[in-house]
Amino acid sequence: MMRLLRRPNLRAIRSSRAVTSISGVEKHNGYLQPDFTTPEKLQSFQLKSSNELLRTLIILRLSAIDAFVYHSEKILTTARAFLGQRIFDALMKWTFYGQFAAGESVETLTYSVKKLRESGVRSMLCIPIETTATNEDDLKLGSSMWEKNAGIVSECIDMTDKLEKGGFSQLKLTALCEPELLLNMNEKLIPYEYNHAEPHEWSIRRIGELLKSERYEDINIETFNDTTNEQLRAAFQRFDKLAMSCAEKGITFTIDAEQTYIQAALAFFVLTLQQKYNRTYPMVYNTYQCYRKDTLTRIKADYEYAKANGFKIAGKLVRGAYMAEERQLAAETGSEDPINEGYDKTTEMYHSVVDFVLPLVKAGESGFMVATHNENTILYVLKRMKELSIEKENRGISFAQLYGMCDHITEALGKINVGVYKSVPYGTVDSTLLYLTRRAQENRSVLERGKIETGIVIEELFRRSKEYFKKGSKDIETSS
Ligand SMILES: Cc1cc2nc3c(=O)[nH]c(=O)nc-3n(C[C@H](O)[C@H](O)[C@H](O)COP(=O)(O)OP(=O)(O)OC[C@H]3O[C@@H](n4cnc5c(N)ncnc54)[C@H](O)[C@@H]3O)c2cc1C
């Protein structure tokens with residue numbers, strides 16, 4: 001449980017660091033042992049001004065308050081109504097927005113990307129738009145909305161090409177098609193989730209071929225009515241155009257995983273795109289949520305199908321962001337909870353998936369991104385890479401954290417020269433706020449570990465002020 005941290009207990013922080021920094025890793029293993037915890041050793045936060053560090057400290061303390069995190073959306077909406085848009089925007093830019101989003105203009109975004117680059121970190125740009133299939137307002141959205149969103153995502157891909165050549169672009173398919181289409185597809189696709197063997201009307205091979213020749217008008221599912229088929233064709237065309245733009249620019253097209261009640265549909269879209277684009281190298285990335293009980297089974301099924309059909313699977317590995325919602329839904333509908341029984345089981349699943357995919361990366365058959373803020377999991381992956389003699393420069397493996405979260409970990413990874421990314425959301429204060437508050441809620445346990453980050457930030461601020469006063473007194477001595 002998260003509690004209000006009135007005064008971080010540095011002694012407790014130091015002892016918890018000892019566990020996180022060495023657990024499961026041999027000492028003295030060269031580049032494979034980053035130290036995530038000592039600001040001086042790593043010169044962590046060197047690119048942050050003291051003001052920015054102070055802001056991080058305030059945000060970390062606020063994010064550790066249960067009531068604030070739970071009601072953040074309501075608190076921020078009320079604050080906006082009370083303060084007015086201009087003052088609210090200014091306040092947000094100094095606090096949450098400034099911490100978790102990279103800016104709204106090309107200039108501010110360019111500056112943020114450049115700063116990350118200076119510490120060996122690359123940017124994975126994303127536009128935080130999404131809809132939910134359980135929100136009635138979202139269900140009523142018209143088709144022009146999806147075209148408009150596709151235009152925004154397309155601009156994001158262009159921006160990635162400009163600022164982070166050959167990098168990753170990240171998006172949510174729920175921003176680009178009707179929620180009811182995904183619900184309809186999901187229902188039909190569940191029987192094929194663990195076994196894509198064909199023939200049947202959901203043939204990945206058949207639709208992949210139609211995508212290859214851009215014959216979107218021939219995409220048709222017999223058991224769908226005309227409207228749903230129309231939505232399906234339009235969705236495929238939209239996704240394919242965006243993937244094509246990435247392919248032309250050499251950008252990786254990364255698709256987020258979302259709730260279980262639409263995930264079979266999202267995974268189907270990803271596999272058909274992979275069938276078209278991942279022939280020579282993994283350009284389209286899926287996302288595998290390791291908090292699900294069936295993740296290893298699903299990734300093995302995807303791999304078997306891809307291998308038999310001459311393409312490569314690839315993906316971002318995450319623990320998963322919708323746990324509370326999934327559990328609540330399972331309880332309400334009386335269905336089996338899709339989430340692992342406890343945190344340790346999720347970690348076990350994550351590490352088994354890592355064990356399954358690393359040999360594929362070594363064989364050049366796949367690409368994976370380890371998207372986590374968990375030090376032990378990162379150290380586990382680095383240890384397994386060493387055991388399998390996978391070079392740290394291997395482009396098939398990369399790491400990622402969210403912008404504004406666990407920066408000390410990202411910088412530590414940047415220093416040992418592995419491929420490391422920040423997921424960088426950008427846009428106006430209003431367009432990013434919902435995403436940012438949701439992120440804070442989704443990542444409560446990460447923010448709980450913010451206690452460790454809080455300690456490091458305090459130490460760094462303390463070190464800087466000591467240096468400042470030392471320098472100041474020297475200047476005084478010299479001048480007297
Ligand atoms: C670059 C990037 C991209 C991301 N993309 C996605 C995405 O596409 N889809 C998505 O869903 N999430 C995504 N995430 C969010 C990610 O799922 C969260 O950051 C993550 O859940 C926090 O896990 P962690 O490994 O960083 O931290 P940890 O603190 O080690 O893990 C916390 C997570 O463990 C799991 N967990 C906690 N308690 C339990 C329990 N009792 N039982 C079972 N499991 C438990 C939950 O998933 C929880 O969020 C992304 C994150 C990053 C960094």
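Figure 1. Helices (H or I, at least four residues) and strands (E, at least two) are DSSP runs, numbered from the N terminus. The model shown here is predicted: local features need pLDDT of at least 70, side-chain atom pairs count only at pLDDT 80 or more, and totals for chains, interfaces and linings use all residues. Residue numbers start from 1 along each chain as its sequence is written.

**Figure 2. The largest nonpolar core.** How many residues are in the largest nonpolar core, and which touch the most other members? There are 110 residues in this core, and Phe 253, Leu 266, Val 284, Leu 317 and Val 353 touch the most other members. Helix H14 (residues 260-277) supplies the largest share of this core, twelve residues. A nonpolar core is a set of buried Ala, Val, Leu, Ile, Met, Phe, Trp, Tyr and Cys residues joined through C-beta atoms within 7 Å. A residue is buried if 20 or more other C-beta atoms lie within 10 Å of its own, exposed if 12 or fewer, and partly exposed in between, with C-beta atoms placed from the backbone. In soluble globular proteins, nonpolar side chains tend to be buried together. Of the 480 residues of the protein, 43% count as buried.

**Figure 3. Val 284 and Tyr 277, two residues in contact.** Not counting residues up to four places away in sequence, Val 284 touches Ala 243, Phe 253, Val 270, Leu 273, Gln 274, Tyr 277, Asn 278 and Ala 314. Two residues are in contact if their C-beta atoms, placed from the backbone, lie within 7 Å. Tyr 277 sits in helix H14 and is buried, with 24 other C-beta atoms within 10 Å. Leaving aside neighbours within four places in sequence, Tyr 277 is in contact with Ala 243, Ala 247, Met 283 and Val 284. The C-alpha atoms of Tyr 277 and Ala 243 are separated by 8.1 Å, although these residues are 34 residues apart along the chain.

**Figure 4. Helix H11 packed against helix H14.** Helix H11 (residues 179-189) and H14 pack at an angle of about 85°, and their axes are 7 Å apart. That makes H11 roughly perpendicular to H14, a label for angles of 65 to 115 degrees, whereas those under 35 count as roughly parallel, those over 145 as roughly antiparallel and the rest as oblique. Axes are lines fitted to C-alpha atoms, for helices over the stretch in contact, and angles run from 0 to 180 degrees between N-to-C directions. From H11, Leu 182, Leu 183, Met 185, Asn 186 and Leu 189 meet Tyr 261, Ile 262, Ala 264, Ala 265 and Phe 268 in H14. The residues of this contact divide into nine nonpolar, one polar and no charged. Also in helix H14 is Gln 263, which counts as buried with 22 C-beta neighbours inside 10 Å.

**Figure 5. Thr 295 and its contacts.** Thr 295 lies in helix H15 (residues 295-308) and counts as buried, with 23 C-beta neighbours inside 10 Å. Leaving aside neighbours within four places in sequence, Thr 295 is in contact with Tyr 288, Gln 289, Cys 290, Met 349 and Val 353. Thr 295 and Val 353 are 58 residues apart in sequence and 7.8 Å apart in space, C-alpha to C-alpha.

**Figure 6. Two loop residues with positive phi.** Glu 214, in the loop between helix H12 (204-212) and helix H13 (226-249), has a positive phi of about 55° although it is not a glycine. Ser 389, in the loop between helix H18 (375-387) and S7, has a phi near 55°. Is Glu 214 buried or exposed? Glu 214 is exposed, with 11 other C-beta atoms within 10 Å, and Ser 389 counts as exposed with 7 C-beta neighbours inside 10 Å.

Conventions: Ala, Val, Leu, Ile, Met, Phe, Trp, Tyr, Cys and Pro count as nonpolar, Asp, Glu, Lys and Arg as charged, and the others, Gly among them, as polar.
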